[in-house]
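Hello,

Here is the structure I promised to pass on to you. Please have a look at it first, and then read my notes below.

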Amino acid sequence: MSDVHLASHSLLSEMGSARDYLAAIVANQIGAPSNIDALSRLTNWIDNPAGRSHANNPTVSAMLDAWDKSKADPWLYDLTEYRNVFLHREPLGANNQARWLSLIERESHFGKVFSAQMLLPVRSGSTQVVDGLTRFANLHGKMCRLADFVASHAKYVPEPVHFEVTPSS
């Protein structure tokens, strides 16, 4: 379980960094001040008169909707909460629910299927639980789709630099 907890810690940390990198890219694209380098700073700037006019920008709106706890799926907020739990609030072994993996057995048309399950609250403060491993995989997919969306609205072609080396004679 320690390895799974540490891998979750790492995944959530990296997705939190990706969230902030995307927020910094979006902030740069809309002309926000250079100190807007994280989602929390972007949301604070958008809430102020100087940034309010950018709230309807498609990339800003996508990030704010995914952050807003009142929306149906505040997945960026959830990601941040899971990150904070694993990194700060309940470090390795402190979460009684996440301490042990459960082995789940189910029947399929191929025979018995075994899978590991790590139950976590679906949302901070919720009594409803979800399989953490599945939830983290889903959050990763949503983060990738958000990155694709931000890239599709970039002011420049989002392609890696291409170098061509020609052999010298």
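Let me begin with Arg19, which counts as buried because its relative accessibility is 8%; buried stands for under 20% relative accessible area, exposed for over 50%, and partly exposed for what is in between, with a 1.4 Å probe and protein chains only. Before I go on, please note that this is a predicted model, in which local features need pLDDT of at least 70 and side-chain atom pairs count only at pLDDT 80 or more, while totals for chains, interfaces and linings use all residues. Residues are numbered from 1 along each chain as its sequence is written, and side-chain values use heavy atoms, with hydrogens and water left out.

Arg19 sits in helix H1; helices are DSSP runs of H or I with at least four residues, numbered from the N terminus. The side chain of Arg19 is joined to that of Asp20 by a polar contact of 3.0 Å. That term covers a pair of N or O atoms within 3.5 Å, where within protein one must be able to donate a hydrogen and the other to accept it, and residues adjacent in sequence count only if both atoms are side-chain atoms. Leaving aside neighbours within four places in sequence, Arg19 is in contact (heavy atoms within 4.5 Å) with Leu39, Met63, Leu76, Thr80, Arg83 and Met143.

Beyond its neighbours within four places in sequence, Gly16 is in contact with Leu79 and Arg83. Gln29 belongs to H1 too, a helix of residues 2–29, and is buried at a relative accessible area of 10%. With neighbours within four places in sequence set aside, Gln29 is in contact with Val150, His153, Ala154, Lys155 and Tyr156.

Now to the core. Which residues touch the most other members of the largest nonpolar core? Of its 30 residues, they are Leu42, Met63, Leu76 and Phe136. Such a core is a set of buried Ala, Val, Leu, Ile, Met, Phe, Trp, Tyr and Cys residues joined through side-chain atoms within 4.5 Å. At least two residues of this core come from each of H1, helix H2 (39–47), helix H4 (58–67), helix H5 (75–89) and H6. Leu42, apart from its neighbours within four places in sequence, is in contact with Ala23, Val26, Ala27, Ile30, Ile36 and Met63.

Helix H6 (residues 132–152) has 21 residues and reaches 30 Å from its first C-alpha to its last, close to the 30 Å expected at 1.5 Å a residue; the expected span is 1.5 Å times one less than the number of residues. The buried residues of H6 include Phe136, Leu139, Met143 and Val150.

Finally, the structure holds 2 aromatic pairs. Trp67 and Tyr77 make an edge-to-face pair, 5.8 Å centre to centre with 70° between the planes. For pairing, the rings of Phe, Tyr and Trp (its six-membered ring) need centres within 6.5 Å; planes under 30 degrees apart count as stacked, over 60 as edge-to-face and the rest as tilted. Trp67 is partly exposed at 23% relative accessible area, whereas Tyr77 counts as buried at 15%. Tyr82 and Phe136 have ring centres 5.5 Å apart and planes at 75°, so this pair is edge-to-face. The pair links distant parts of the chain, with Tyr82 in helix H5 and Phe136 in helix H6, 54 residues apart. Both Tyr82 and Phe136 are buried.

Best wishes
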